[in-house]
Amino acid sequence: MAIFSATSGQTIYLFILILIGFLLTKWKLLPEGAAKILAKLENMLFIPALMLKTFMNDFTVDRLGDSGILFLFSAALLVVIVPMAVLISKGFTKDAFTRNIFTYGLCFSNFGYVGISVVSAVFPMYAADYLVFVMPLYLLIYLWAVPALLMNEGKTSLRQKLKSLVNPMFVGMLLGMVFGMVFSVLPSFELPAALVPPVSAIDTCIEALKNCMSPVAMLLTGITVANIDFKKTFSNVSIYGVTAVRLLAIPIVFWAILHFLPPMFGIEIPESIMVCTVASLAMPLGLNTVVIPSAYGRDVSVAAGMALVSHLLGCVTIPLVFMLF
C-alpha cells in the first residue's frame, strides 16, 4: 500500500501540472509558440542536465557490470515488444498512418518525461539504473521509430540515423558517464581552493536545470492536449483499446513473466531490472506521436487523444501496476 500511496501521489502531482498547462492554454494566457519554446528547453537544457547530473552521481566503475546487464535486458525486451506492437496495432485500424501511431505508442511509452519523474521520486536508488535501461529505447526511437513510423521518410542512410543520435540528451548522458567514472576512481581528489566556488556554482546550476525537467514536461503535455478536438477524441473507441493495452496489458504481462518464469529455472531477477521494466512499460503514451507528425502537416488528433486519455487514466493505472509489483 505504501508503493500505491507514493506512486499515486507522484502521478497526481504530475497530472495537476498537466491541468495547469491545459488551463493556461484554454484561457489564452500563454503566448503563441509557448509549446515549441518549452519543448526546446526540455530537449536542449532540462533533460540533458538531468542525465548529466544523475550519471555523474551514480555511474561508477563498480556499476559498469550491472549497467551492461540492464542494457542487454532492455534490448532483449525490445526484440519481443516491437513485433508484438506491430501485430496488435493491425487489429485496431486499417489506416497505415494511424497504425504507425499505434505501433509507436505500444512500443514506447512516455518512459522519458513521466517515467524518469516517477522513478526519481518513488525509486530514487534506481534512477541511474533506469537511465541506462532506457538507452536502447532511445537508440531504437532515433534509428527506426521516428524516421520510419512518424516521419515516413522511407529509407534513410546509416549516417543520417547515427547523426540523429548527436543531440543534447545523448551528449549529456555520455558526459555524465565519463565524469561519473572519473570521480569514482578519484574519490579523494580535492580541487584547488580557487576553483571551488565556480565549480560549486556550475554544479548548483546543473541541479536547478535538472529539477525543471518534470514540471516543464507536464506543463508541455497540458498545452499539447489543450489543442485537440475532444468530441472526436473521446468517440474514437480504438484509442481506449490501445491505451488499455499500453497501460495495463503490457506491463502486467511482462511483470508476470519476470515474476513467475525465472524462479522455475532457479533464476532470480534483480529488483532493479523489475523496477526498470515495469516503469518503462507502465507509463502513458509519449508526445513524439503528436509533436513530430504535426511538423509535417499530418492529422495528429488520434495521437493527441491517446496522449490525453492515457495520461488521465495513468493517474490510476500507474499506482495500481506498481502496487501489484
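This is a predicted model: local features need pLDDT of at least 70, side-chain atom pairs count only at pLDDT 80 or more; totals for chains, interfaces and linings use all residues.
Local features need pLDDT of at least 70 and side-chain atom pairs count only at pLDDT 80 or more, while totals for chains, interfaces and linings use all residues. Residues are numbered from 1 along each chain as its sequence is written, and side-chain values use heavy atoms, with hydrogens and water left out.

Helix 4 (residues 96–107) and helix 12 (residues 237–264) have axes that come within 10 Å and cross at roughly 20°. Helix 4 is therefore roughly parallel to helix 12 (angles under 35 degrees). Helices here are DSSP runs (H or I, at least four residues), numbered from the N terminus; axes are lines fitted to C-alpha atoms over the stretch in contact, with angles from 0 to 180 degrees between N-to-C directions.

From helix 4, Phe102, Gly105, Leu106 and Cys107 meet Ser238, Val242, Val245, Arg246 and Ile250 of helix 12 (heavy atoms within 4.5 Å).

The structure holds seven aromatic pairs (ring centres within 6.5 Å, using the six-membered ring of Trp). Two that are edge-to-face (planes over 60 degrees apart) are tabulated.

| Pair | Centre to centre | Between the planes |
|---|---|---|
| Phe92 and Phe102 | 6.2 Å | 80° |
| Phe111 and Tyr138 | 5.1 Å | 70° |

Phe92 lies in the loop between helix 3 (64–90) and helix 4, ten residues from Phe102 in helix 4. Phe92 is partly exposed, with a relative accessible area of 30% (from 20% to 50%, 1.4 Å probe, protein chains only). Phe102 is buried at 0% (under 20%). Phe111 and Tyr138 are both buried.

Technical notes
Helices (H or I, at least four residues) and strands (E, at least two) are DSSP runs, numbered from the N terminus. Angles under 35 degrees count as roughly parallel, over 145 as roughly antiparallel, 65 to 115 as roughly perpendicular and the rest as oblique. Rings of Phe, Tyr and Trp (its six-membered ring) pair if their centres lie within 6.5 Å; planes under 30 degrees apart count as stacked, over 60 as edge-to-face and the rest as tilted.
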